[in-house]
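I wrote each entry as I went along.

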Amino acid sequence: MTRAEVEAAFDAHSDAVYRFAWRMAPEAADDIVQDVFLRLLRGDVRFDAARGSMRGLLLGVARNLALQRLRA
């Protein structure tokens, strides 16, 4: 994704990702949001509209990151 696309995704979905992360790991919610969008920017996560929505992808990544933090 281009930087502009990631910025648009951030503007549209960062609040939802933060609320979701806060419910799972309140102490790490800010870090989780940052990590989600950094992974998207770096290309570690790829969006495919045929597989689901952007919000669903971002919440899934946030869930995985929150679970990793809870296990640690």
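**Entry 1: His 13**

Is His 13 buried or exposed? The model is a predicted one, and I keep that in mind throughout. I looked up the relative accessibility of His 13 and found 14%. The cut-off for buried is under 20%, so His 13 counts as buried. His 13 sits in helix 1. I then listed what His 13 touches, leaving out residues up to four places away in sequence, and got Phe 37, Met 54, Arg 55 and Leu 58.

**Entry 2: helix 1 against helix 3**

Next I looked at how helix 1 packs with helix 3. Helix 1 covers residues 3-24 and helix 3 covers residues 54-71. I noted an angle of about 35° between them, and their axes are 9 Å apart. This crossing is right-handed. On the helix 1 side, I wrote down Ala 9, Ala 12, His 13, Ala 16, Val 17, Phe 20 and Met 24 as the residues that make the contact. On the helix 3 side, the residues include Met 54, Arg 55, Leu 58, Leu 59 and Ala 62. I sorted the residues of this contact by class and got 13 nonpolar, one polar and two charged.

**Entry 3: Val 17 and Leu 59**

I picked one residue from each side of that contact. Val 17 lies in helix 1, and Leu 59 lies in helix 3. Val 17 has a relative accessible area of 0%, so I put it down as buried. For Leu 59 the value is 22%, which makes it partly exposed.

Which residues does Val 17 touch, not counting those up to four places away in sequence? I found Val 33, Val 36, Phe 37, Leu 58, Leu 59 and Ala 62. I also checked the distance from Val 17 to Ala 62: they are 45 residues apart in sequence, and their C-alpha atoms are 6.8 Å apart in space.

With neighbours within four places set aside, Leu 59 is in contact with Ala 16, Val 17 and Phe 20.

**Entry 4: helix 1 against helix 2**

Helix 2 covers residues 29-42. I found that helix 1 and helix 2 pack at about 150°, with axes 9 Å apart. Angles over 145 degrees count as roughly antiparallel, and helix 1 and helix 2 are therefore roughly antiparallel to each other. The crossing of these two is right-handed. From helix 1, the residues in the contact include Val 6, Phe 10, His 13, Ser 14 and Val 17. From helix 2, they include Ile 32, Val 33, Val 36 and Phe 37. By class I noted 14 nonpolar, two polar and two charged residues.

**Entry 5: Ser 14**

I stayed with helix 1, where Ser 14 lies. Ser 14 is buried, with a relative accessible area of 11%. What does the side chain of Ser 14 reach? I found the backbone oxygen of Phe 10, at 2.9 Å.

**Entry 6: the loop and Ala 25**

I then moved to the loop between helix 1 and helix 2, where Ala 25 is found. I looked up its relative accessible area, which is 1%, so Ala 25 is buried. Apart from neighbours within four places in sequence, Ala 25 is in contact with Ile 32, Ala 66 and Leu 70. Ala 25 and Arg 69 are 44 residues apart in sequence, and I noted 7.9 Å between their C-alpha atoms.

**Entry 7: helix 2 against helix 3**

The axes of helix 2 and helix 3 come within 9 Å, and I noted a crossing at roughly 125°. That angle makes helix 2 oblique to helix 3. The crossing is right-handed. I listed some of the residues that meet here, among them Asp 31, Asp 35 and Arg 39 in helix 2 and Leu 57, Val 61, Leu 65 and Gln 68 in helix 3. The class count for this contact is eleven nonpolar, one polar and four charged residues.

Notes:
Residues are numbered from 1 along each chain as its sequence is written. This is a predicted model: local features need pLDDT of at least 70, side-chain atom pairs count only at pLDDT 80 or more; totals for chains, interfaces and linings use all residues. Side-chain values use heavy atoms; hydrogens and water are left out. Axes are lines fitted to C-alpha atoms, for helices over the stretch in contact, and angles run from 0 to 180 degrees between N-to-C directions. Helices (H or I, at least four residues) and strands (E, at least two) are DSSP runs, numbered from the N terminus. A crossing is left-handed if the near helix is turned anticlockwise from the far one by less than a right angle, and right-handed if clockwise. Contact means heavy atoms within 4.5 Å. Ala, Val, Leu, Ile, Met, Phe, Trp, Tyr, Cys and Pro count as nonpolar, Asp, Glu, Lys and Arg as charged, and the others, Gly among them, as polar. Buried means under 20% relative accessible area, exposed over 50%, partly exposed in between (1.4 Å probe, protein chains only). A polar contact is a pair of N or O atoms within 3.5 Å; within protein, one must be able to donate a hydrogen and the other to accept it, and residues adjacent in sequence count only if both atoms are side-chain atoms. Angles under 35 degrees count as roughly parallel, over 145 as roughly antiparallel, 65 to 115 as roughly perpendicular and the rest as oblique.
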